[in-house]
Amino acid sequence: MEKEIMISADELTKTFGTGEKKVTAVDGISLEIYKGEFVAVTGESGSGKSTLLNLLGGLDKPDTGSITVDGREITKLKDSKLAQYRRRYSGFVFQFYNLISVLNVEENLSLPLDLDSKNVDKARLDELLEVLKLTDKRYCYASQLSGGQQQRVAIGRAVMAQPPCIFADEPTGNLDSANSREIVSLFKRLIEKYGTTVVLVTHDKNVAAEADRVIKMRDGKIVDERVIRL
């Protein structure tokens, strides 16, 4: 059965600065990412991997090139439509959990739907709390949670609105090895249960080894690509 393309990028470039301070963070990158695929992007600091992630997720726009997500080109969207795209098609997870301290777990998970003026599906919320192993923490605040639990809330918040794609930038960077393994297992469960496409930036070789495909970047270019599992 032929795989369905979720994300297609064509000749992306992105530069920062001018003159002698000009840096080409992404340099002519083309790639395809399939629906339900778990892709890890690796490389040294400054290789351009986070910039690529931000472009694919619609957090930034490329200087040149195009990005198509689920059949829709996002590079030509106006800012208001791009913001709508991010709310509905992309979920973001970062190294720092960015939870709202005055909201409890349930309220943090519901936030993306509240911001989009959508009703919260209580059945989905209960199901997600179970998948996150946070059912008994639903009324706890961030200060009452461990680092691993806070990151699980951040991941749950990213998937609550059922976006087809999750973009994660060093999501295990602040966690120990046991919690890192748990977070990677959670991403895999989300892929299996909901068919989510996950693109993850990481320095951790052990985390990258759990992906379906590993893309290595250097100086804004893809220099290596390995399929780990089909």
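## Sheet

The model contains an open sheet of six strands with mixed pairing, in the order E6-E7-E8-E3-E9-E10. Two strands count as paired if DSSP finds at least two bridges between them; strands (E, at least two residues) and helices (H or I, at least four) are DSSP runs numbered from the N terminus. The edge strands, each pairing on one side only, are E6 (90–94) and E10 (221–227). From one strand to the next the twist averages 15°.

This is a predicted model, in which local features need pLDDT of at least 70 and side-chain atom pairs count only at pLDDT 80 or more, whereas totals for chains, interfaces and linings use all residues. Residues are numbered from 1 along each chain as its sequence is written, and side-chain values use heavy atoms, with hydrogens and water left out.

Strand E3 (residues 38–42) runs parallel to strand E8 (residues 197–201), and four bridges join the two. Val 41 has Val 201 in E8 as its bridge partner.

## Helices on the sheet

Helix H1 (residues 49–57) lies across E3, E6, strand E7 (165–169), E8 and strand E9 (213–218), and runs at about 155° to E7. Helix H5 (residues 147–159) lies across E6 and E7, at about 165° to E6. Axes are lines fitted to C-alpha atoms, for helices over the stretch in contact, and angles run from 0 to 180 degrees between N-to-C directions; contact means heavy atoms within 4.5 Å.

## Packing of H3 and H5

H3 packs with H5 at an angle of about 30°, the axes being 7 Å apart. From H3, Val 105, Asn 108, Leu 109 and Pro 112 meet Val 153, Gly 156 and Arg 157 of H5. The residues of this contact comprise four nonpolar, two polar and one charged. In this classification Ala, Val, Leu, Ile, Met, Phe, Trp, Tyr, Cys and Pro are nonpolar, Asp, Glu, Lys and Arg are charged, and the others, Gly among them, are polar.

## Pockets

On a 1 Å grid over the protein atoms alone, a pocket is an open set of points with protein on both sides within 12 Å along at least five of seven lines, a cavity is a set where a 1.4 Å probe fits but cannot get out, and lining residues have an atom within 4 Å of a point. Grid points are joined across faces, edges and corners, and a volume is the space filled by probe spheres set on the points.

The largest pocket has a volume of about 450 Å³. Its lining has 19 residues, and Ser 90, Phe 92, Pro 112, Leu 115 and Arg 157 lie nearest its centre. Helix H2 (79–89), E6, helix H3 (105–115) and H5 each give two or more residues to this lining, and E6 gives the most, with five. By class, the lining of the largest pocket has 13 nonpolar, three polar and three charged residues.

The second largest pocket has a volume of about 200 Å³. Among its lining residues are Thr 42, Glu 44, His 203, Lys 216, Arg 218 and Asp 219. E9 gives the most to this lining, with three residues. The lining of the second largest pocket divides into one nonpolar, seven polar and four charged residues.

## Cavity

The count is one cavity of 30 Å³ or more, and the largest cavity has a volume of about 30 Å³. Leu 55, Gly 58, Asp 60, Lys 61, Pro 62, Ile 67, Ile 74, Thr 75 and Leu 82 line the largest cavity; five of these residues are nonpolar, two polar and two charged.
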